[in-house]
Amino acid sequence: MAKSDQSFPKIVIFDLDYTLWPCWCDTHISPPVSRSKSENAIVDRYGSQMAFYKDVPEILAHLKQNGIKVAAASRTCAPVLDVAKKMLSLLHVGGTRAIDLFDVLEIYPGSKITHFNFIQKQTGIEYHDMLFFDDETRNKEVEHRLGVKFMFVTEGVTWNLYHQAIEEWRDHKKHRKSSSK
């Protein structure tokens, strides 16, 4: 009986806007932002609240508990670059600031290829050992050009999508190994 593959990517990378939270932080959030007193959310200058998509905190915790590195690769525009980091600092996963769960933050305008080149240099992790969640299909270029497994997100990262992505990453890995023989 064949043993099933239980391997995981060495790093999981997330876009931020419409992947981890339901907004574009550079256009939908008006600084300054603060932590909501009633729930794990942030509040902007006008009282609008924003939080992670429902499953995101548990997924981030699961990754860290299993020793998997976490990164962000976002084209969020300057000068609100600090808004994304501030939001990650104010949102919590368990008792930990979300920003403290990220090993690498590549948050600036430009190509996702550039983001991934820096992530690879900072971590030493090969592209084929990376899994990337993003809500923009144009960013699938990281899969075609670098070999990163890309997962398209339509309504935030969910447990179902996460499990599907892990299985697809394993298949991607298996096919890469068999084609190299």
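## Basis

The model is predicted: local features need pLDDT of at least 70, side-chain atom pairs count only at pLDDT 80 or more, and totals for chains, interfaces and linings use all residues. Residues are numbered from 1 along each chain as its sequence is written, and side-chain values use heavy atoms, leaving out hydrogens and water.

## The sheet

Five strands make an open sheet, ordered E8-E5-E1-E9-E10, with parallel pairing. Strands (E, at least two residues) and helices (H or I, at least four) are DSSP runs, numbered from the N terminus. Two strands pair if DSSP finds at least two bridges between them. E8 and E10 (149-152) are the edge strands, each pairing on one side only. From one strand to the next, the twist averages 20 degrees. Angles run from 0 to 180 degrees between N-to-C directions, with axes fitted to C-alpha atoms, for helices over the stretch in contact.

E9 and E10 are joined in the parallel sense by four bridges. Leu131 stands opposite Lys149 in E10.

## Helix H3

H3 spans residues 112-123, twelve in number. From first C-alpha to last, H3 reaches 16 Å, close to the 16 Å expected at 1.5 Å a residue. That expected span is 1.5 Å times one less than the number of residues. At the N-terminal end, Ser111 is the cap: a side-chain oxygen sits 2.9 Å from the backbone nitrogen of Ile113. After H3 comes Gly124, with a positive phi near 75 degrees.

H3 lies across E1, E5, E8 and E9, and runs at about 155 degrees to E5. Its buried residues (under 20% relative accessible area, 1.4 Å probe, protein chains only) are Lys112, Ile113, His115, Phe116, Ile119 and Gln120. Seen down the axis of H3, they fall within an arc of 155 degrees, so they line one face of the helix. The arc is taken from the directions from the helix axis to the C-beta atoms. Their cover includes E1 (11-14), E5 (69-74), E8 (104-107), E9 (130-134) and helix H4 (141-146).

## Glu136

Glu136 sits in the loop between E9 and H4. Its relative accessibility is 27%, so Glu136 counts as partly exposed, the class between buried and exposed (over 50%). Neighbours within four places in sequence aside, Glu136 is in contact (heavy atoms within 4.5 Å) with Arg75, Phe150 and Phe152.

The side chains of Glu136 and Arg138 make a polar contact at 2.5 Å. Such a contact is a pair of N or O atoms within 3.5 Å; within protein, one must be able to donate a hydrogen and the other to accept it, and residues adjacent in sequence count only if both atoms are side-chain atoms.
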